[in-house]
Amino acid sequence: MNVLSVEKLSKRYGPRLLFENVSFGLEKGQKTALVARNGTGKSTLLKCIAGVETPDSGIVTFNKGIRTGYLDQNVRMTGTHSVVDEMLDRDDPVSAAIKAYEHALAQHVGDRSLQRAIDRMEELKAWDHEARVKAMAHRFGLRDLEQPVNTLSGGQQKRLAMAKVLIDAPDVLILDEPTNHLDLPMIEQLEEELDKPGLTLLLVTHDRYFLDNVCDEIIEMEFGAFTRYKGNYTWYLEKKALADEVREATQQHLRGLMRRELEWVRKMPRARGTKSKSRLDKFEDIKAAATRRFDREAVKLEVKTDRLGGKVIEARNLTKAFGSPEAPESYKPIVAHFSYSLKRGDRIGIVGPNGIGKSTFIDLLVGRMRPDQGTVSIGDTVVLGTFDQLMPPLKEDQRIIEAVRDIAEVIPLNKGRTLSASQLLERFLFDKEQQYQRIDTLSGGERRRLYLCLVLMRNPNVLILDEPTNDLDIPTLNALEDFLMDLDACQLIVSHDRFFMDKLCTKLLVFKGGGAIAEWVGSYTELREAEREARAGEERARAEKAGRKDREAAPAAPNAQAGAKKLTYAERLELERIDRDMPKLEARKQELLALMAAGGTDHHRMMEHSIELEKAMRELDRMTDRWLELSERAG
């Protein structure tokens, strides 16, 4: 069943044509990614389809009754309202009732106010939706529903926006760079969320592992054409390479045909008959096809690096924390007694959950923040280049070339070569015409490419990259990866792009929490596999231990003295509570068994049911043993 139809969609910004006559459709359950270079209008196309922007021409049609959800590339929440208010930011009675109930719970209001909120929840039968809101928030790591949204980190805001989109279980999801600012475990969690068979997906992302794991179709926007490839990203690369070979062979054939026809044109008499005129028109068509350019301009990265000495960056007993140990609820250690020495040629990745302190750690290393204890020393020969997750503000009304000339008019390269500011920008795919455009006309990806240009033109020999892959297109990522592989410089990289990390980093600094940092020699994929095996081993050990305890805890026959002993008041209350709770727990056990027997749900949900069932059965066994003991004594 076709759920989305896009017909002849076109959009232009001033003199710049982004896309023209784009047409395609999506079937139910199809998971499609748009792949194109920065500045070709991917984000604008998604906004037009989602109804956020109006196209110049064309029609977007969703099937009747289809629920849609849209996630913007840039999520910035500046309000002081709470997480739960943001998640339920809609004008309907159920959302209002849930917000009132959650605020009453959190703020410990009087019994009457709380009871009124509970009564309203009962009246609207809002409990299921309230449970879904809490479950979705928990799944995306949002524990404090009363936290103001403007105090959340960039990654937390992105997770909140994603949870808000998924609450209503949309049939069609339109996602623009959904993995930006998400940490690696959360990206893997999102992959599971999007893997549901009935969900239709249209997305833009530069995360190549994500494309491989989630998408079953790639749509490429290139050379003014809209080409569909059935398969994941790996399949797309294989078929694209084959298509490029066919196109090159066709171009060669057309160029040969054009040369033969050109000879005929030069030799033909001036008096042209009908047949000659027809052949001449055909020649013009052949010439246009043969001379059409299919060159893919690539970013050309090159810097002159001064030789590094033996000392690069050394951290000794580095310690940093926020808050006070006397207030455990607000105390947050970032680094605790960390010592490490970066060496020439190191390519080290930094991994850990959002908010654990990776960017703060970088600030400590480059001297933007002072440690509580310890020292950081930087070698005399070090020329630092820092590519920050949050770009420094650019002058929006400044022309692109002026931003480069503010740093240098001429950029030195190796072997005595130089580049002018204009030549450097051309290497970063800003042609002469675009160089004189204002910075506020650039797309998000083009801004990141300009920022990369400004960092590298300083010719650093130590590069510290904090989320360098955000918003960059895949061709630019490939060029950046190849450049960094060959660069004779020490590199420290924070990234949530698993492909980028696997390709570049030979070892990792793993943030464990509580200020602990461990070194891992190997790739990120190898680290995750080792962590999964460790968790599986721990679960097996817990299961075996629980089995031994159950066997050893067989209830002993009460002796005469125990039988004669009367129950205390607390034990009578405990017996009454067990009498009330056991039927409820037994009913939940049967419900879980029925859900698991029915199937039809995703693997992650089945695992949750299985874990809950195991806990319920253990608790029932414990309650039964205790009930027998107390009932025997009560007579």
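1. Two strands pair if DSSP finds at least two bridges between them. Helices (H or I, at least four residues) and strands (E, at least two) are DSSP runs, numbered from the N terminus. The model is predicted: local features need pLDDT of at least 70 and side-chain atom pairs count only at pLDDT 80 or more, while totals for chains, interfaces and linings use all residues. Residues are numbered from 1 along each chain as its sequence is written, and side-chain values use heavy atoms, with hydrogens and water left out.

2. Strand S17 (residues 462-466) has parallel partners. Strand S14 (residues 384-387) is joined to S17 by four bridges, with Leu384 opposite Val462. Five bridges, also in the parallel sense, link S17 with strand S18 (residues 490-494); here Asp466 stands opposite Val494.

3. Five of the five residues of S17 are buried, so the strand is largely enclosed by the rest of the structure. Buried means under 20% relative accessible area, exposed over 50%, and partly exposed in between (1.4 Å probe, protein chains only). One face of S17 carries Val462, Ile464 and Asp466, the other Leu463 and Leu465, and both are covered.

4. Helix H11 (residues 358-366) is likewise largely enclosed by the rest of the structure, because eight of its nine residues are buried. The buried set includes Lys358 and Asp363. Just after H11, Gly367 takes a positive phi of about 85°.

5. Helix H7 (residues 184-193) is mostly covered, with eight of its ten residues buried. Among them are Glu188, Glu191 and Glu193. At the start of H7, the backbone nitrogen of Met186 has a side-chain oxygen of Asp183 within 2.9 Å.

6. The whole structure was searched for cavities of 30 Å³ or more, and four were found. A cavity is a set of points on a 1 Å grid over the protein atoms alone where a 1.4 Å probe fits but cannot get out; lining residues have an atom within 4 Å of a point.

7. Of the 14 residues lining the largest cavity, Glu302, Val303, Leu424, Phe428 and Leu456 lie nearest its centre. Helices H13 (421-427) and H14 (444-456) are the elements that give two or more residues to this lining.

8. The structure holds zero disulfides, a disulfide being a pair of cysteine sulfur atoms within 2.5 Å. Cys48 counts as buried at 4% relative accessibility, and Cys505 counts as buried at 6%.

How values were computed:
1 Å grid on protein atoms, 1.4 Å probe; cavity = no way out; pocket = protein on both sides within 12 Å on 5 of 7 lines; lining within 4 Å. Points joined across faces, edges and corners; volume = space filled by probe spheres on them. Polar contact = N/O pair within 3.5 Å; in protein donor to acceptor, adjacent residues only side chain to side chain.
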